[in-house]
Amino acid sequence: MSTLHVANLGYPRIGLRRELKFALESYWSGKTDQASLLEAARTLRAQNWLRQKELGVDILPSNEFSLYDHLLDTAFMVGAIPEAYKGASDLDTYFRMARGAGEVSACGHNHNGSVPALEMTKWFNTNYHVLVSELKPSQTFELAYNKPLSDYNEAKALGHQTRPVLVGPVTFLKQAKAAIGGFNTLSLLPRLLPVYAEVLRSLRDAGAEWVQIDEPVLANAPNGQVALALTEAYAHLAREVPGLKLMLTSYFDAYDANIDLAFSLPVAGVHVDLTVRPALLERLPELADGKTVSLGVIDGRNIWKADLNALVARLAPVISQLNDVILAPSCSLLHVPIDLEQEDKLDADLKSWLAFAAQKLHELSVLKAALSGLDVSAELAVNAQALAARKVSTRIHNAGVADRIARLTLPMSERQSPFAERILKQRKRLNLPLYPTTTIGSFPQTAEVRSARLQHSKGQLSDADYDAFLKAETAKAIAWQEEIGLDALVHGEFERNDMVQYFAEQLDGYAFTQSGWVQSYGSRYVRPPVIFGDVSRPKPMTVDWAVYAQSLTTRVMKGMLTGPVTMLQWAFVRDDLPRSAVCRQIALAIRDEVLDLEAAGIRIIQIDEAAFREGLPIDPAKWDAYLDWAVECFKLSSAGVADETQIHSHMCYSDFNDIIRAIAAMDADVISIETSRSNMELLEAFIDFKYPNEIGPGVYDIHSPRVPEKAEMERLLEKAGQRLKAEQIWVNPDCGLKTRGWAETRPALERMVAAAKALRATHPVWV
């Protein structure tokens, strides 16, 4: 009979009550010192290890905890620290890389030593952001900080034998950015491997039996260079660090060729994500060849309860053919909330269908018991009952939504006229100058705004008083925008808690958690809503605020909406319908809002698709199918308006080369993108493609407290203007300003407007 163990690949770092967020922000603001921050982190790690052990985890992870993100930790570990970021201490250097330096004083001036934060991108096809190391051909590596050993020893002192987690050397290099065009970062592998060997030897000598090395680069399509790099890397590590067992771990996708490669490498174990390619299960007895096999059978990225009875039936015959088997989540549980037991206000039926991180680990312990021959029939019966109840629930299906979907026609997804004709009508109606300035939508959610929202939610502030407060904040924001000379204004979104949650709360088919926080990056956490049923819009969601805001100014006011793909991607989506079908339902709800805004006189409507690229499957063979329905859904939401109404959209950090044709097919009149951290390099895809519509390349990074100088923004605009037509370019920040403070926002936007005016002086009239 196989030996069974339960392992966890990674646990949420943030704390049940977001302790890490508050500790970080207190430290960054100078309210607490380094010792307090590090003690808060130690406390969280100790709590996490203990909780996982209580839930039946046999193999606990260490070093998956991070103060910011695991790729930054890896860069710091191997000494990939650009000289410009060196600070007063290791922690200061670490956060300079994460957040930039040059925070503003109360008067809005930068401190000395200003540097931008490292570029940011998404971790494969998740909404988790990572920082991108920039490596040069002369790059050297050294063991700068042995965090894996420190965390391992910390756990050991608490009585926990852990399996340390490292980002693999090949994934680290592939996720890095070449400082010089054409330079292959994988060429640095021979210099990097000795550092990894040194770390692994230190862990072995300290008593670690296993180390988990994450190589999600294996999730990408098979690649000859990557295969050679992996072969070289693991041959080197096996030779240099004998006696240590490596668990080669990949997730998010799996190809036969890459699985064959993984099992051929000189490692003691291989983890496979069976939630994305379940058919791999039957191949494992042939592939294993004495290796320990880790089965990723519980979905680490969604929150629906697993079908334990079906898993037992499917796993039992395969496990009986294997020697040493580990049951695990598909990936780190970083991507799901921590504990469903915190949700005491969630509908009982819905709650019975869900599993957060803690519940997923319990599911694994039940699976282990069942597959080991223990009697867990009562738990299996409860699981089956919950799944059966969900299938027949009348709350899930809406006949009206189904009928509307059935009546969709192709013309509903097409604008009345081509862009070249529309834009002339829009320019006449809007009467904006060259290099028109705007923002992405939100303004700082100050302590006063958050306090008023909290008081209102607790019944301590009446509806009338809260409404008056929000209107006053909106009026101040509009007056200030007029004062500094912004061209297309926004109302500031002070009434909104989150760009997805705000809309989801007003749509049927969504549900919400109290404490379902998930880390997006650093101290930025989100509470994704849960799509459990058919989606529809009972009534207008933003029209009253848009009309009120427009009444306060003669300048054009943008209506601000979140697009259907992002509403889908940034939620936990029902798994009983195709994602494309759910997205079409959301698109129709957004379409209704767009048409109501237009009817109310709003001349620019922005439909943000921040997560459009994020939804792209890892497997290129699936790209076209995804892009077809994603583009269709955006156009379905936006195409009902007249030619004179201008449609904007916004996209977050992405590699746009893969989707540039789809972006063009979306046919938004204006798209804004995040380009400042990449020094406008992300704009190249639009330039090479000869993108025909208008575009707002972000000129300053809102993810950092740093305020750029006017000259810096002017230089970025000049760079954009070298290859784009002047009449194509809008001027805006990288993203919304909700998370920033007014002390940073005011000088940054003032300088942005000044930069646009300087460029405008070189093109005094439309060309």
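Reader: Is Asn 323 buried or exposed?

Author: Burial is judged by relative accessible area: buried means under 20%, exposed over 50%, and partly exposed in between, with a 1.4 Å probe and protein chains only. Asn 323 counts as exposed because its relative accessibility is 61%. This is a predicted model, in which local features need pLDDT of at least 70 and side-chain atom pairs count only at pLDDT 80 or more, while totals for chains, interfaces and linings use all residues. Residues are numbered from 1 along each chain as its sequence is written, and side-chain values use heavy atoms, with hydrogens and water left out.

Reader: Where does Asn 323 lie, and which residues is it in contact with?

Author: Helices (H or I, at least four residues) and strands (E, at least two) are DSSP runs, numbered from the N terminus. Asn 323 is placed in the loop between helix H11 (308-319) and strand S12 (324-329). Contact means heavy atoms within 4.5 Å. Apart from neighbours within four places in sequence, Asn 323 is in contact with Ser 2 and Thr 3. The C-alpha atom of Asn 323 is also separated by 8.1 Å from that of Lys 291, 32 residues apart along the chain.

Reader: How is Ala 221 classed by accessibility?

Author: Ala 221 counts as partly exposed because its relative accessibility is 30%. Ala 221 lies in the loop between strand S8 (210-214) and helix H8 (224-240). With neighbours within four places in sequence left aside, its contacts are Tyr 255, Asn 258 and Pro 620. From Ala 221 to Tyr 255, the C-alpha distance is 7.1 Å, and the two are 34 residues apart in sequence.

Reader: Is Arg 415 buried or exposed?

Author: Arg 415 is buried, since its relative accessible area is 12%. Arg 415 belongs to the loop between helix H15 (399-406) and helix H16 (419-430). Beyond neighbours within four places in sequence, the contacts of Arg 415 include Arg 422, Gln 426, Asp 667 and Asp 669. A polar contact is a pair of N or O atoms within 3.5 Å; within protein, one must be able to donate a hydrogen and the other to accept it, and residues adjacent in sequence count only if both atoms are side-chain atoms. Here a polar atom of the Arg 415 side chain lies 3.3 Å from the backbone oxygen of Ala 642.

Reader: Which residues of helix H20 are buried?

Author: An α-helix has 3.6 residues a turn, so residues three or four places apart point the same way. In helix H20 (residues 543-551), the buried residues are Val 543, Trp 545, Ala 546, Ala 549 and Gln 550. These residues lie on the same side of H20 because they cover an arc of only 165° around the axis, the arc being that of the directions from the helix axis to the C-beta atoms. On the face turned away from the buried side are the exposed residues Asp 544 and Ser 551. The cover over the buried residues of H20 includes helix H18 (463-484) and helix H22 (579-599).

Reader: How many cavities of 30 Å³ or more are there?

Author: On a 1 Å grid over the protein atoms alone, a cavity is a set of points where a 1.4 Å probe fits but cannot get out, and lining residues have an atom within 4 Å of a point. Grid points are joined across faces, edges and corners, and a volume is the space filled by probe spheres set on the points. The count is eight cavities of 30 Å³ or more.

Reader: Which element gives the most to the lining of the largest cavity?

Author: Strand S18 (556-562) gives the most, with three residues.

Methods: 1 Å grid on protein atoms, 1.4 Å probe; cavity = no way out; pocket = protein on both sides within 12 Å on 5 of 7 lines; lining within 4 Å.
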